[in-house]
Amino acid sequence: MIQLKNQLTLQEFLELPPGDADIIYKFIDGKAIVKISPKFFNSKLTRALLYLIDEWWEGKGQVFPEWAVKLTPQGKDWVLTPEILYVSYEGLSPEWIADDFYPVLPDLVIEIISPEQTFGQLIAKARDYLDAGVLRLWVVDSKARSITVFYPDAPPQIYMGDTLLVDSLFEGLELTAEQVFNQAGITTIISSS
């Protein structure tokens, strides 16, 4: 196990040796924080979202699961690994290739609430994503069976059931929370206790 000092610079974080195979770190407020490995619902929802938006993004941009991105909310360096990132070809050329962090700000970040997180924690993270320049954040909540969309210039919108989620930023993309949860095969929430 790697011993970490309390405060790191971004450069010190980037130079850390890789952790054990199951450990992924995120970098927030000068600290390397272990990211909890996704559980069953999280993985199923990630796969469902990728499937549902797969045809839409073709020719428009690129969608990636679990790719670390460097952000600078409120002038602080962060490295996060959201479930899904999308960037248009205007932001990231289809010819770009390097084994590195996500090189630009994503247009869309999708985060799925894990059992260890609260919606309030993700609201705070949403503000940081938007402050860093991300254009949209979707927070998927399996307990509430909802998708909350955060905007930089408008209040968040909650989508549940068959309410159609559309956004002028992603022209032609239409889906509902119900579609996502049905595609994931999550019909009811089963307690893990």
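Buried here means under 20% relative accessible area, exposed over 50%, and partly exposed in between (1.4 Å probe, protein chains only). You're looking at a predicted model, where local features need pLDDT of at least 70, side-chain atom pairs count only at pLDDT 80 or more, and totals for chains, interfaces and linings use all residues. Residues are numbered from 1 along each chain as its sequence is written, and side-chain values use heavy atoms, with hydrogens and water left out.

Start with W67: at a relative accessible area of 16%, this residue is buried.

Next, select W56 and Y86. Their pair is tilted, at 5.1 Å centre to centre and 55° between the planes. W56 lies in helix α2 (40–57) and Y86 in strand β6 (84–88), so the pair ties together parts 30 residues apart in sequence. (Helices, H or I of at least four residues, and strands, E of at least two, are DSSP runs numbered from the N terminus.) W56 is buried at 11%, and Y86 is buried at 5%. Bring in F170 too: W56, Y86 and F170 form one aromatic cluster.

Finally, show the open sheet of 6 strands, ordered β3-β6-β7-β8-β9-β10 with mixed pairing (two strands pair if DSSP finds at least two bridges between them). Its edge strands are β3 (61–65) and β10 (157–160).

Technical notes:
Phe/Tyr/Trp six-rings, centres within 6.5 Å; stacked < 30°, edge-to-face > 60°.
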